[in-house]
Amino acid sequence: MLKNYFKTAFRSITKNKMHSLINITGLSAGMAVTLLIGLWINDELSFDKYHRDYDSIAQVLQNQTFSGETSTQPTIPMPLGEELRTTYGREFKKVVMSSGTGKHILASGSNHFVKTGNYMQAGAPSLFSLKMLNGSGNGLKDPHSILLSRTVATAIFGNTDPINKLIKFDDTESLKVTGVYEDLPVNTTLHDLEFIVPWELQRKAVANNIQNWNNNNWKIYVQMANGVDVEKASAKIKDSKYVRSDNAEKNFKPVIFLHPMRKWHLYAEFKSGVNVGGRIQYVWLFGTIGLFVLLLACINFMNLATAKSEKRAKEVGIRKAIGSRRGQLIYQFFSESLLMAFMAFALSLLLVVLLLPGFNEIAAANMTLPLKSPLFWAAGLGFTLVAGLIAGSYPAFYLSSFQPVKVLKGAYKAGRLATVPRKVLVVLQFTVSIAIIISTIVVFRQVQFAKDRPVGYSRDGLITVETLTPNIHTQFNAFQDDLIKTGAVSGVAWSTTPVTESWNSQSNFDWEGRDKNGTQNFATVGISKEYGKTIGWQFTAGRDYRSETGGADGFCFVLNESAAKMMGFKNPIGQIVHWYGYNFHIIGVIKDMVMNSPFTPVQPAVFFMNPGQMNVLNIKMKPGAGVQEALKKVAQVYAQYNPGQPFEYKFADDEYARKFDMEERVGKLAGFFAVLAIFISCLGIFGMASFIAEQRVKEIGVRKVLGASVFRLWQLLSKDFVLLVVISLLIASPLAFYLMHKWLQNYEYRAEISWWIFAVAGAGAILITLLTVSFQAIKAALANPVRSLRSE
């Protein structure tokens, strides 16, 4: 019996080729979208699960309160690690101190490489379950050792065994390679960990901070002891010595807590010291979109199947007349939908294979289709069955309900009410599609709104180079002169941070009239006197630096507008600010520079002449100079003064553009799904239009004989569909407004949702609908009426 069901279903599919093509194409597109989103969601949910002890690892974070505003940061004072290990040892199996990830020079012979890595304590390889390919993770116990990732080991030593080979680290320390570990996957927080060096080297470099509770510059990772709950342990460490210290309580009221690894990726966003989610909102968003797009494809199947009801009515009547029960007819129609669903699934796999490279690029992921996984095929089978059953449910129960007596007498007519469910489903289709279109426009408008924000400096032709040796610093004047002589450079300056970032902040400033009840936090940027001219900052009051560090301007500040406003000076020029026991005069106020997120208010910033060594080199290319030729000249001069470090640079405009990566990625993904949603909806409209034109062929013939124009007939066949799209727009607009207004609340600097967004989305949907319907409408209007009326 089952064989007969599918044999009959196959015949029905081949007999109605256009109907079947539209259904299979729509279903396959919907399935492809759902599969792509499913792969992405799986990639997001599996983030960091590479680590064996994923469920018991956590990072120590802290909340700090400045000027009544609480912020969360991952950096911790160095002594806290030892306190957690000794005072709270029962709570933790492992406590591992780490530096932030930074760039360092690894040299072997005449080969120099700039790689990214961390200083870490010896327990790190075990804590993060690094897969050692050669040597041992215990090698970090040797204070002059280094662990390399496989890629770095191959880059430095080729195919030779790197164990016990020596590497010159930052041109200062000779380190012995004691282990090589497997590269960490892209979907791990530590994926850019290219090497690990012993923590003892960090302690040696910053010996004066070993017992300094006020320098928050390091990270702490812990593994919970067996049976210890993260939340309970987090509550216990809130009473640590660091929190109880008078200075900490007085300055910024720190609260330390544990953030479990399972939340590092998806729940990384904090507001006012409270975890408010993060990327998990996009998991829910795109998961919902995937289900809706699949639902759109299923709606097409339902609509087209029920639109053919009059054609299949006699088939149902005859089957019932010769003894078929309703249950058997339901099985028959389900077999058709399931057969189409499996055909669509096969086609969707091909579509996914073709689309996955581009999808990976948009999503910044490295996903593959797990064709060798039994779990994938089991999920695919279940997914196809569900899709087939949903798509076939309404047609199966609707068509099987026909009364054979009425059908065989020719008394069956679908009637006006029969079209109501189909119209409701079309409205649902376009409501979803228009809502996605509106959302996509809002996302891109928000990105563009932030991009158009004044940044307070000139990014054109500005590059930054992070120097890791003192060579250029000790010969800066000669280096600067030689760069200017190339004719490709107009300015060179030092700073402690790049113009697109803020690495340091401090709160120990004092001035006349300061509110003693609160603590104000300022970004602090050390610079050389050429900095302002090089980056093109813009003064609103006062002047730029004129002398060298040791000159008259050595104890002077330049503030941004936000800092001047926070200090409350009516006329800040000439005012005195106390810092580390010294008096600094304010000589200038510049327009706010967007150094951090372009979606948030600018942080108050203090710029000062730094007498120490700085490691960020800012180089301004001359306007009109060919970029590639200019870079070659800069690289040649750089190599003369700093031969031990490869010339690696970043364009300031590229680094600024990266701040929009997440939002642009969301917009591109939403746009991609919006196009597919509209495509699926239009497939359904196209099929519906063809059936309606076929049903009304005699009416069209009569109207044409009576003098109706082609335009009038086109209008007659199109108006119902346009009306449905207008209804969809009226439903989708408030729904999309509510959702996107809520999304925009995540950004303090945000665009308004303008009326024209809804007008553009609605006009676009109506235009696409008219183009889709017009083919069938005009074809029917141009048909010869003699052919449709000759049997009358």
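Biologist: What makes the meeting of the Ser754 and Arg445 side chains a polar contact?

Modeller: The two side chains come to 3.4 Å, and a polar contact is a pair of N or O atoms within 3.5 Å, where within protein one atom must be able to donate a hydrogen and the other to accept it, and residues adjacent in sequence count only if both atoms are side-chain atoms; the pair is therefore called a polar contact. Please keep in mind that this is a predicted model, in which local features need pLDDT of at least 70 and side-chain atom pairs count only at pLDDT 80 or more, while totals for chains, interfaces and linings use all residues. Residues are numbered from 1 along each chain as its sequence is written, and side-chain values use heavy atoms, with hydrogens and water left out.

Biologist: How do you know whether Ser754 is buried or exposed?

Modeller: Ser754, in the loop between α24 (710-744) and α25 (755-782), has a relative accessible area of 17%. Buried means under 20%, exposed over 50%, and partly exposed in between, with a 1.4 Å probe and protein chains only, so Ser754 is buried.

Biologist: Why is the pair Lys204 and Glu173 called a salt bridge?

Modeller: A salt bridge is a side-chain nitrogen of Lys or Arg within 4 Å of a carboxyl oxygen of Asp or Glu, and here the N to O distance is 2.9 Å, so the name applies. The pair links distant parts of the chain, 31 residues apart, with Lys204 in helix α6 (residues 199-205) and Glu173 in strand β10 (residues 173-181); helices (H or I, at least four residues) and strands (E, at least two) are DSSP runs, numbered from the N terminus. Lys204 is exposed at 57%, whereas Glu173 is buried at 16%.

Biologist: What makes Asp510 and Arg514 a salt bridge?

Modeller: Their closest N and O atoms are 3.0 Å apart, so the pair meets the salt-bridge cut-off. Asp510, at 26%, is partly exposed, and Arg514, at 19%, is buried.

Biologist: Which residues form the nonpolar patch on the surface?

Modeller: They are Phe292, Leu295, Val386, Ile390 and Leu428, with about 360 Å² of accessible area together, and the elements giving two or more residues are α10 (280-307) and α13 (374-399). Patches are made of residues with over 30% relative accessible area and no salt bridge, like charges being joined within 9 Å and nonpolar side chains (Val, Leu, Ile, Met, Phe, Trp, Tyr) within 5 Å; areas come from the Shrake-Rupley method with a 1.4 Å probe, and for residues only the protein chains shown count as cover. Val386, at 47%, counts as partly exposed, so its area passes the patch cut-off.
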